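Here is a friendly walk through one structure, with an eye on its aromatic rings, its packing and its backbone. Have the viewer open as you read.

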Amino acid sequence: MLNSCVMHRHTGRAPGIMVWGGIGYHSRTSSVRIAGTLNSQRYISEVLEPVVLPSLPSGLETQPYLFQHDNARPHVARIVQRFFVNHQIELLPWPARSPDLSPIENMWSMVAQRLTQITPPAATPDQFWQRVEAAWSAVPQEYIQSLFESMPRRVAAVISNNGGYTGY
């Protein structure tokens, strides 16, 4: 990835809650609980401004920083695209339907695995949220780094499989 830091995001439904989180090679954002439906304005005001901007590394002019998110409607809206341009954040081009290349999916799988090991199941959305936050924070940064380091293999697997399923 050539001296770049790539921030990944993911929102996923859980019993009664939606969660957003971002990972980078050397850090991760806090997890964010999203109430209701995420639209482009809320993506900016609840995720990008309060969570992503403060987590950006300093010295962007000397080390390129790429932000990656999928093509969900709130992410591709004009207002969100303007936000990235105004803050001089370069977006990593991301083709539609490319989960084979997204390390954040592996991160969420690790969080889900940790959640399944907790019994009894959460009784309330608030209790579940507390568990999600703890599981998110407990994933070792070394695991996240291994996800980034696997990117050349992921890309090669997709190319050699003509863009088809690769198992990642």
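Let us begin with phenylalanine 67, which counts as buried because its relative accessibility is 0%, under the 20% cut-off. Please keep in mind that the model is a predicted one. Phenylalanine 84 is buried as well, with a relative accessible area of 1%.

**Aromatic pairs**

How many aromatic pairs does a search of the whole structure find? There are four of them. In one of these, the rings of tyrosine 25 and phenylalanine 148 have their centres 6.1 Å apart and their planes at 80°, so the arrangement is edge-to-face. Tyrosine 25 sits in the loop between β2 (17-23) and β3 (32-34), while phenylalanine 148 belongs to helix α6 (residues 141-149), so this pair ties together parts that are 123 residues apart in sequence. Tyrosine 25 counts as partly exposed, at 25% relative accessibility, whereas phenylalanine 148 is buried, with a relative accessible area of 7%.

Phenylalanine 67 and phenylalanine 84 make another pair: their ring centres are 5.1 Å apart and their planes stand at 35°, so the pair is tilted. Here too distant parts of the chain are linked, since phenylalanine 67 lies in strand β4 (residues 65-68) and phenylalanine 84 in helix α3, 17 residues apart. Together with Phe83, Phe67 and Phe84 form one aromatic cluster.

The two pairs are set out here.

| Pair | Centre distance | Plane angle | Type |
|---|---|---|---|
| Tyrosine 25 and phenylalanine 148 | 6.1 Å | 80° | edge-to-face |
| Phenylalanine 67 and phenylalanine 84 | 5.1 Å | 35° | tilted |

Serine 40 is placed in helix α1 (residues 40-55). With a relative accessible area of 18%, serine 40 is buried. Leaving aside neighbours within four places in sequence, serine 40 is in contact with Pro74, Ala77, Ile79 and Val80.

Helix α5 has 14 residues and reaches 20 Å from its first C-alpha to its last, close to the 20 Å expected at 1.5 Å a residue. Which residues of α5 are buried? They are Phe128, Trp129, Arg131, Val132, Ala135 and Trp136. Seen down the axis of α5, these residues fall within an arc of 165°, so they line one face of the helix. Gln130 and Ser137 are exposed on the other side of α5.

**Backbone details**

Two loops deserve a look at their torsions. A cis peptide bond joins threonine 119 and proline 120, with omega at about -5°. Proline 120 lies in the loop between α4 (103-116) and α5 (125-138). Glutamine 88, a residue other than glycine, has a positive phi, near 50°. Glutamine 88 is found in the loop between α3 (78-86) and β5 (90-91). Is glutamine 88 buried or exposed? At 72% relative accessibility, glutamine 88 counts as exposed, because the value is over 50%.

How values were computed. Residues are numbered from 1 along each chain as its sequence is written. This is a predicted model: local features need pLDDT of at least 70, side-chain atom pairs count only at pLDDT 80 or more; totals for chains, interfaces and linings use all residues. Side-chain values use heavy atoms; hydrogens and water are left out. Helices (H or I, at least four residues) and strands (E, at least two) are DSSP runs, numbered from the N terminus. Buried means under 20% relative accessible area, exposed over 50%, partly exposed in between (1.4 Å probe, protein chains only). Rings of Phe, Tyr and Trp (its six-membered ring) pair if their centres lie within 6.5 Å; planes under 30 degrees apart count as stacked, over 60 as edge-to-face and the rest as tilted. Contact means heavy atoms within 4.5 Å. The expected span of a helix is 1.5 Å times one less than its number of residues. The arc is that of the directions from the helix axis to the C-beta atoms.
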